[in-house]
Amino acid sequence: MLIGVPREIKVHEYRVGLTPASVREVVAHGHEVIVERDAGRGIGAGDDDYRRAGARIEDDAAALYAAAELIVKVKEPQPAERVRLGAGQVLFAYLHLAPDPQQASDLLASGVTAIAYETVSDVDGGLPLLAPMSEVAGRMSVQAGAHCLEKEAGGRGLLLGGVPGVEPARVVILGGGVVGSNAALIALGIGAAVTIVDRSVAVLRRLGDRFGPQLHTLHASTDAIEAAVLDADLVIGAVLVPGGAAPKLVTRDMVRRMRPGAVVVDVAIDQGGCFETSRPTTHADPIFIVDEIVHYCVANMPGAVARTSTLALNAATLPCVLALADKGWRQALRDDPHLARGLNICAGRVMHPGVAEALGVEP
Ligand code: PYR
């Protein structure tokens with residue numbers, strides 16, 4: 001199979017779909033790989049590294065898209081990329097279609113078969129191709145929040161961990177999944193006072209066992225969320241409905257009543273966000289302020305630590321890329337119901353029930 005790896009064009013997106021090491025594996029399986037010139041520069045992989053791994057380097061993105069049977073990339077295709085996709089092609093990438101009807105409509109019209117990393121599942125009910133980026137984003141959310149709490153960013157002027165004689169900042173994490181537990185790990189490590197809120201007592205029990213009494217856990221009633229958010233210096237939004245739109249757990253009224261200079265970091269923003277006041281931002285212009293509350297809502301946080309993120313992502317995606325290339329997408333999805341959960345769009349139809357519900361169309 002002919003596999004194309006384009007250079008990402010989203011603002012400040014430096015990750016790449018396949019590393020040279022992954023290309024070597026794919027080529028060893030008998031496939032051909034075309035990589036766009038400079039696609040790996042953001043992770044420190046040069047064109048010669050890709051050539052040594054067996055890839056061909058292509059200058060022209062349009063020619064790469066026209067030739068490839070399977071496109072492996074990281075971020076959802078931007079409008080200029082979507083016009084290059086067509087029937088008979090498979091796209092394997094993060095898509096986040098629920099909050100993005102325009103992208104959904106363009107992909108439906110293109111006839112492409114679109115398999116989304118974020119809805120591929122596993123036997124434990126997890127999302128194995130989303131998990132590595134959730135780990136990265138969860139860990140990064142604390143450092144982003146720490147920066148936003150500084151005065152020059154509009155924050156309250158707090159050091160997350162405090163110092164002897166001065167209490168630490170209060171961090172509230174909404175959601176105890178992969179993002180939330182990784183945020184808790186870093187926030188506790190830095191010495192903040194951390195509360196994690198989840199609607200599942202089983203999840204809270206597991207987090208309590210893992211982190212011990214240093215971590216405060218709270219069952220997610222509306223009352224509990226409101227009280228925790230109003231008392232917080234930093235709120236991290238870490239909720240996820242697979243394929244669907246994130247629930248708006250924090251209303252505009254709650255944001256208005258938070259402490260001036262408090263910070264919200266909305267890691268759920270690529271699924272629409274869990275603060276009513278959130279809107280997606282970019283690494284070029286990451287924050288905005290609503291009612292004196294600093295909002296950090298970068299939709300591709302892991303892109304900033306491109307090397308760590310690409311290596312972690314490839315470790316998860318490579319077996320799927322090999323299955324799609326070796327067997328063809330139809331057989332690969334027939335053989336693996338978890339990979340089949342990744343199918344979002346095929347032959348002009350939305351295939352994933354959660355995505356269809358969020359977009360208001362029939363699956
Ligand atoms: C990202 O890491 O950018 C995702 O979309 C999950």
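H96 counts as buried because its relative accessibility is 6%, where buried means under 20% relative accessible area, exposed over 50% and partly exposed in between, computed with a 1.4 Å probe on protein chains only. The model is a predicted one, in which local features need pLDDT of at least 70 and side-chain atom pairs count only at pLDDT 80 or more, whereas totals for chains, interfaces and linings use all residues. Residues are numbered from 1 along each chain as its sequence is written, and side-chain values use heavy atoms, with hydrogens and water left out.

H96 is located in the loop that runs between β5 (90-93) and α5 (101-110); helices (H or I, at least four residues) and strands (E, at least two) are DSSP runs, numbered from the N terminus. The side chain of H96 is joined to that of Q271 by a polar contact of 2.6 Å, a polar contact being a pair of N or O atoms within 3.5 Å, of which, within protein, one must be able to donate a hydrogen and the other to accept it, while residues adjacent in sequence count only if both atoms are side-chain atoms. Not counting residues up to four places away in sequence, H96 touches K75, E76, Q103, E118, D270 and Q271, contact meaning heavy atoms within 4.5 Å.

H31, in the loop between α1 (20-28) and β2 (32-36), counts as buried because its relative accessibility is 10%. Its side chain reaches the backbone nitrogen of M1 at 3.0 Å, and M1 is also among the contacts of H31, together with I3, V26, A325 and D326, when neighbours within four places in sequence are left aside.

## An exposed loop residue

E292 counts as exposed because its relative accessibility is 53%. This residue lies in the loop between β12 (287-290) and β13 (293-296), and, residues up to four places away in sequence not being counted, E292 touches P260, G261 and A262.

## Helix α8

In helix α8 (residues 201-211), the buried residues are V203, L204, L207 and F211. Seen down the axis of α8, these buried residues fall within an arc of 95°, so they line one face of the helix; the arc is that of the directions from the helix axis to the C-beta atoms. An α-helix has 3.6 residues a turn, so residues three or four places apart point the same way. The cover over the buried residues of α8 includes α7 (178-190), β8 (193-198) and β9 (215-219), while R205, R206 and D209 are exposed on the other side. At the N-terminal end, S200 caps α8 with a side-chain oxygen 3.3 Å from the backbone nitrogen of A202, and just after the helix G212 takes a positive phi of about 75°.

| Atoms or groups | Distance |
|---|---|
| Side chains of H96 and Q271 | 2.6 Å |
| Side chain of H31 and backbone nitrogen of M1 | 3.0 Å |
| Side-chain oxygen of S200 and backbone nitrogen of A202 | 3.3 Å |
| C-alpha atoms of E292 and C274 | 18 Å |
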